[in-house]
Amino acid sequence: MIEKDLTPKQIVDYLNKFIVGQNEAKKAVAIALRNRLRRQKLPKELQEEITPKNILMIGPTGVGKTEIARRLAKLIDAPFLKVEATKYTEVGYVGRDVESMIRDIVQISVNMVREKHMQNVREKAEAITEEKILDLLVPPLKNIRRGILTEEEEQKQREEENNFKETREKFRQMLREGKLEDKLVEVVTKGRGFPAVEVLSSGGIEEIGINIQEMMEGMVAAGRTKKKKIPVKEAREVILMEEMQKLIDMEKVVKEAIENAEKNAIIFIDEIDKIASREKTSGGPDVSREGVQRDILPIVEGTTVMTKYGPVKTDHMLFIAAGAFHVSKPSDLIPELQGRFPIRVELLSLTKEDFERILKEPENSLVKQYTKLLETDNCEIQFNDSAISEIARAAFEVNETMENIGARRLHTVIEKVLEDFLFEAPYPRKEKKTITKEYVESKIKELIKDKDLGKYIL
């Protein structure tokens, strides 16, 4: 369930913290997300009738298509999966079948829900872990006699028990103070149990070998235990993980995870333009391209996919497809698939002004990232506004004259500008460096001037 009651404006405001421009795409995903929340407030019978309006994003690489979808999923803590349409093949060909994307998103959802449940029982597991580590450091008394004892024997046994309790409490105190972190203890680790059997579709035959191999390895490992001596700090993590696994109810986790995947999952299908048939031909690669589209269609349309956790419905998952569509057009996709992506948004190529904003405005901007990275090595760098403008201009110019890779070009340019500082660090004393326009020009002028060389470096 989506717990946050977010309005479309709040969603766009959140996305603005990380992504510059592309307001049309932000509005489209914000409305799609709000519609999910609206649907969950309706009566159950009406909920089933309302399906998500999937989105097709059209725009060149590096303009923020993936980032918008990824940030949206992070905002609502939804399972998110990015796949490339080109890695799937038509049924009957060698390669991954399209249903594997649903199996993958369900696994992501199970991992997310398991992690949440483990955090809920962490406090209890930590208390059990502490007792178990103390058992390793101060083994319990073995020679405790029960039954009829003489007064002398009782006295002796009482003294032993008191001494044991005092010693254990002393070790507990030292353990909490971190004084025993490097002390070696012997722990027993169990082998990994075999995974649940996954029900495969006809398109998933190529994965059968992998699953059988996993099962065989798991069955052998399940009965195996291994003793090893490790420091207390490592033993704590091993025991804590085991205890948390014991405390959570995996049936409940799986049920919640499937529900979470069915209602909240976001699947981002990139490079969908690469499987569009440019011309109607009677054979060749276009047959396979159209075959992949026809295989993707029922997944997007709404079907039930068998996974190792049980059947999963795709009716209410949100699919966001994206592509540059330089050669092909959205109308080259088969009509049925076009109809399943009713909302189309065009993302614009980035301008020099956009590059400047990307360098300065987002919460995790490149300038902030590199400033913080070098601070760890006693180097404080400061960028002049003119230097930032020059980096943006250089990135824009290279994109215009060579392959346009969008905002990713900024990584290349800024890395070249700061190359000397990054190489010379760490510094023995704190140093302050100012990056000026002239310094930026001196570092990148050769690369921009020599386009043949720039082809390889930028």
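**Pocket, strands and a loop**

Q: How many nonpolar, polar and charged residues are in the lining of the largest pocket?
A: The lining of the largest pocket comprises 11 nonpolar, 12 polar and 10 charged residues. Asp, Glu, Lys and Arg count as charged, Ala, Val, Leu, Ile, Met, Phe, Trp, Tyr, Cys and Pro as nonpolar, and the others, Gly among them, as polar. A pocket is an open set of points on a 1 Å grid over the protein atoms alone where a 1.4 Å probe fits, with protein on both sides within 12 Å along at least five of seven lines; lining residues have an atom within 4 Å of a point.

Q: What sort of model is this?
A: The model is predicted: local features need pLDDT of at least 70 and side-chain atom pairs pLDDT 80 or more, while totals for chains, interfaces and linings use all residues. Residues are numbered from 1 along each chain as its sequence is written, and side-chain values use heavy atoms, leaving out hydrogens and water.

Q: Which residues lie nearest the centre of that largest pocket?
A: Of the 33 lining residues, Gly-62, Val-63, Gly-64, Ala-407 and Arg-408 lie nearest its centre.

Q: And which helix gives the most to the lining?
A: Helix H4 does, with four residues. Helices H4 (65–76), H14 (366–375) and H16 (408–417) each supply at least two residues of the lining. Helices (H or I, at least four residues) and strands (E, at least two) are DSSP runs numbered from the N terminus.

Q: Do S10 and S11 pair in which sense, parallel or antiparallel?
A: S10 pairs with S11 (residues 431–435) in the parallel sense, over five bridges; pairing requires at least two DSSP bridges. Within S11, Lys-433 is the bridge partner of Ile-381.

Q: What about S6 and S7?
A: S6 (residues 304–307) and S7 (residues 310–313) are antiparallel, with four bridges. A hairpin of two residues joins S6 to S7, and Thr-307 stands opposite Gly-310 in S7.

Q: Where is Glu-363 found?
A: Glu-363 is in the loop between H13 (352–360) and H14.

Q: Why does Glu-363 count as partly exposed?
A: Its relative accessibility is 49%, so Glu-363 counts as partly exposed.

Q: How far is Phe-18 from Glu-363?
A: Their C-alpha atoms are separated by 6.0 Å, although the two residues are 345 residues apart along the chain.

Methods
Buried < 20%, exposed > 50% of the residue type's maximum accessible area, 1.4 Å probe, protein only.
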